[in-house]
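Open the model in your viewer and keep the sequence panel beside it. The tour goes from one selection to the next.

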Amino acid sequence: MKTQTTRRLVESALMIAVGTVLSLSILKVDSLWAFGGGLTIGSMVPLVLISHRWGIKWGTFTAFVYSLLQLILGVDNIQYATSVGMAIAIILLDYVIAYTVIGLAAMFGSSRPGIIGGVVVTLGIRFLCHFLSGWMIWDALWPNELGMTSAVYSLWYNGSYMLPEILITAVLACILVPWVQKTFPRR
């Protein structure tokens, strides 16, 4: 039992580290699209792997720890808040909820449709968090210069990087989840 707990902690710490490194190696979408954003190459996959390997309860805890690390790395964003309520909304929508939900990725099981469904739903909720934040908070701070309504702009901006992120994560998870389960069985 102690060996399994140690293994779970070590694997989770490693996956948080890998996800963090991948999140820092961002392909800036503003060079590809006019609306900006950042596309990582599979930074959510380590959290999806932990969810499938150790279950959604542990996966959610690991994703929560990851969200706190992302918050620390992105703490500069909070300085733009003009009120305590706005700062709390940024913390919750752009970090804590947006990333913690990825821990639920194994909710539909480890079949290929289950993996894809879990990725689409959890990263879809992450997109929803960023959309709401962009619509209600960031547009109030920096209205877009294109004359779009804040909801349309947030949908376009966040969709421009989240849709490819969902596709990349789903493809990589479909390859890696079965491989990890076969190669590294839980003992």
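**Stop 1: two helices side by side**

Select helix H3 (residues 56-73) and helix H4 (residues 84-100), which pack at an angle of about 150° with their axes 7 Å apart. Keep in mind that this is a predicted model. Angles over 145 degrees count as roughly antiparallel, and H3 and H4 are therefore roughly antiparallel to each other. The crossing of H3 and H4 is right-handed.

Now show the side chains between the two helices. On the H3 side, select Thr60, Ala63, Phe64, Tyr66, Ser67, Leu68, Gln70 and Leu71. On the H4 side, the residues they meet are Ile91, Tyr95, Val96, Tyr99 and Thr100. What classes of residue make up the contact of H3 with H4? By class, there are nine nonpolar residues, four polar ones and no charged ones.

**Stop 2: Gln70**

Stay on helix H3 and select Gln70. Is Gln70 buried or exposed? Its relative accessible area is 10%; the cut-off for buried is under 20%, so Gln70 is buried. Next, show what surrounds Gln70. Leaving aside its neighbours within four places in sequence, Gln70 is in contact with Thr20, Ser23, Tyr95 and Tyr99. Tyr95 and Tyr99 belong to the H4 side of the contact seen at the previous stop.

**Stop 3: the salt bridges**

How many salt bridges does the count come to? It comes to two.

For one of them, select Arg7 and Glu11, whose closest N and O atoms are 3.7 Å apart. Both residues lie in helix H1 (residues 2-24), where they are four residues apart, about one turn of the helix. Arg7 counts as partly exposed, at 31% relative accessibility. Glu11 is buried, with a relative accessible area of 16%.

The side chains of Arg53 and Glu11 meet in a salt bridge, at 2.6 Å from N to O. Arg53 lies in helix H2 (residues 45-54) and Glu11 in helix H1, so this pair ties together parts that are 42 residues apart in sequence. At 10% relative accessibility, Arg53 counts as buried.

Finally, show Arg7, Glu11 and Arg53 together. Salt bridges that share partners join these three residues into one network.

Methods
Residues are numbered from 1 along each chain as its sequence is written. This is a predicted model: local features need pLDDT of at least 70, side-chain atom pairs count only at pLDDT 80 or more; totals for chains, interfaces and linings use all residues. Side-chain values use heavy atoms; hydrogens and water are left out. Axes are lines fitted to C-alpha atoms, for helices over the stretch in contact, and angles run from 0 to 180 degrees between N-to-C directions. Angles under 35 degrees count as roughly parallel, over 145 as roughly antiparallel, 65 to 115 as roughly perpendicular and the rest as oblique. A crossing is left-handed if the near helix is turned anticlockwise from the far one by less than a right angle, and right-handed if clockwise. Contact means heavy atoms within 4.5 Å. Ala, Val, Leu, Ile, Met, Phe, Trp, Tyr, Cys and Pro count as nonpolar, Asp, Glu, Lys and Arg as charged, and the others, Gly among them, as polar. A salt bridge is a side-chain nitrogen of Lys or Arg within 4 Å of a carboxyl oxygen of Asp or Glu. Buried means under 20% relative accessible area, exposed over 50%, partly exposed in between (1.4 Å probe, protein chains only).
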